[in-house]
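Take a look at the protein shown below. This report walks through a few of its local details, then turns to its domains.

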Amino acid sequence: MQVSLRLDSECVRAFHLLLLQRLAALAQVEMSVDARPAGGGIPGSAAALFQLETAIHGLPADGLAKRLPLSALAPYRTQPPASPDLVIDLCGDVRLEGTRVWRVTYDGAAGEAALLALILDGRTPIARVEESGATVAEGRLGTEYGGIALASFQDMLARTASLILAAMPPSAVNGAARAALPVLPEPAQAGAPPQIPSPTKLGIRAGKALARRIVQKIYHLCYNAPHWKVGWRETKGQDLFDLRVHPAAGWQVLPDDGSRFYADPFPILYRGQVTLFVEDYIHRLGRAIISAVPFGPAGPIGRPEPVLDLPYHLSYPFVFERDGEVWMVPESCANRTVDLYRATAFPGGWVKEATLLSDIVASDATLVEHGGRWWLFATVRDGGGAFSDALHLWSAPDFRGPWTPHPKNPVLVDIASARPAGRMVERNGQLLRPVQDCRRSYGAALGIARVAHLDLNGMEQVVETILTPGALWNGRKLHTLNEAGGLEFIDGSAIAPRWKQKRSSLT
């Protein structure tokens with residue numbers, strides 16, 4: 001299959017080279033490049049903003065936005081065939097009769113300038129691969145670096161590559177249709193599509209960015225940041241899957257001493273006792289371990305105690321009971337693995353039983369048994385980009401594996417509903433999935449999605465509810481949801497002064 005990539009010869013980036021390399025690696029694909037001036041690229045004033053952000057935020061200089069000489073395309077034929085089987089148009093100017101053309105757009109406009117304008121306007125862009133007006137693939141792009149234009153731009157370029165690759169199955173004969181994005185409430189956007197601001201306004205933005213960075217540094221001298229907290233309550237027969245709003249009585253908070261925070265609460269009812277497992281982040285170490293504390297109706301019985309400590313960061317302690325034993329799949333993306341542990345002296349004594357996935361940056365692995373198979377959900381930082389917007393699936397006959405990647409990975413690209421946020425549950429024959437809504441920022445809101453379809457042909461979900469912090473949960477974020485034994489847990493961010501940590505270390 002002969003595939004031509006249309007790009008602007010006046011602005012070749014590392015992104016283009018990555019995309020070419022990944023496309024050329026597909027079976028039965030022969031790549032060529034249609035590199036001609038396109039016009040309407042990113043102005044020099046925006047490039048200057050990128051340079052300033054690189055300096056003040058310590059961003060790497062070799063990211064996907066890095067400019068490359070035209071000679072970097074030399075390994076690929078730069079004279080496309082007269083009649084390619086498929087043209088991937090990144091510029092929006094290809095008009096070929098009788099040839100399949102995939103046009104890449106951001107909120108309906110083509111080109112990297114359109115993407116950057118949306119980022120600078122604070123939008124959450126929807127990227128689409130379109131053929132003759134029909135959507136071949138789409139994704140709601142995101143970043144964990146909101147407010148930093150260059151980092152956001154590079155994250156979204158990376159996920160654009162993922163989206164294009166996802167539309168091309170291994171045979172690359174026909175583009176695979178992708179499931180539609182969940183319909184979500186978005187702020188009303190009036191008027192014409194955003195444009196890149198003038199050099200003067202970009203200069204003002206750069207000045208504000210520098211001032212904001214100085215404030216952040218002062219803040220980090222005074223406070224432990226980020227700092228999360230765990231909320232809990234008795235459900236009395238109605239959990240958030242039933243209520244779809246915060247309970248009128250609000251939430252109680254699992255206390256910490258300020259030198260550490262607790263997050264990612266996962267309770268389990270085992271042998272008549274609810275035990276809560278948490279990410280236990282120790283500020284002075286800059287990484288987390290897994291700790292556990294027994295719970296009663298009146299709250300925690302003692303304080304969380306370490307149960308799993310490894311040389312790398314651990315979080316999201318997904319615990320479950322099976323075959324009379326308790327198992328855990330903690331997040332260990334810092335180790336580029338997804339590992340399975342078994343408790344030999346519950347709640348401790350964890351021994352590693354298997355590595356389920358390796359050489360992968362997978363976040364918040366969540367297992368569920370459905371349709372006679374086990375499924376593993378996780379967001380994957382595929383080829384760079386955000387940690388939270390590309391949902392991948394694997395299936396297996398048993399939770400121990402072997403795990404097989406879904407043929408349509410990523411099955412969903414959506415910063416608002418891809419990343420798991422807790423155990424999936426069945427209600428009235430329907431599979432419900434807590435999801436993270438990271439449109440405003442990482443872990444900013446919690447969604448409840450109904451899985452409408454899940455099999456080897458794909459996954460579709462409908463986001464039915466979005467819960468945000470407020471008067472009844474006054475943390476700045478809302479991030480995880482789990483329940484066991486009539487006790488329900490959530491988490492979100494808080495503020496912890498550094499002086500409190502110093503005082504607590506003396507007591």
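## Backbone and packing

Gln 28 sits in the loop between α1 and β2 (30-36). Helices (H or I, at least four residues) and strands (E, at least two) are DSSP runs, numbered from the N terminus. Phi of Gln 28 is near 65 degrees, a positive value in a residue other than glycine. Most residues other than glycine have a negative phi, and most peptide bonds are trans.

The model is predicted: local features need pLDDT of at least 70, side-chain atom pairs count only at pLDDT 80 or more, and totals for chains, interfaces and linings use all residues. Residues are numbered from 1 along each chain as its sequence is written, and side-chain values use heavy atoms, with hydrogens and water left out.

|---|---|---|---|
| Phe 346 to Pro 347 | cis | near 5 degrees | between β17 (337-345) and β18 (348-358) |
| Asn 409 to Pro 410 | cis | near -10 degrees | between β22 (404-405) and β23 (412-413) |

Now for the helices. Two packed helices are described by the angle between their axes and the distance between the axes. The axes of α1 (residues 14-24) and α4 (residues 149-166) come within 10 Å and cross at roughly 20 degrees. Axes are lines fitted to C-alpha atoms, for helices over the stretch in contact, and angles run from 0 to 180 degrees between N-to-C directions. The crossing angle makes α1 roughly parallel to α4 (a label for angles under 35 degrees).

Which residues of α1 meet α4? They are Phe 15, Leu 19, Arg 22 and Leu 23. Their partners in α4 are Leu 157, Thr 160, Ala 161, Ser 162, Ile 164 and Leu 165. Contact means heavy atoms within 4.5 Å.

Leu 17 is also in helix α1. Leaving aside its neighbours within four places in sequence, Leu 17 is in contact with Leu 68, Ala 72 and Tyr 76. Leu 17 and Ala 72 are 55 residues apart along the chain, yet 7.6 Å separates their C-alpha atoms.

## Domains

The domain assignment gives domain 1 (2-214) and domain 2 (228-500). Such bounds come from an automatic or database assignment. The centres of the two domains, taken over C-alpha atoms, are 32 Å apart. In all, 25 residues of domain 1 are in contact with 28 residues of domain 2.

Note on methods
Parallel < 35°, antiparallel > 145°, perpendicular 65-115°, else oblique.
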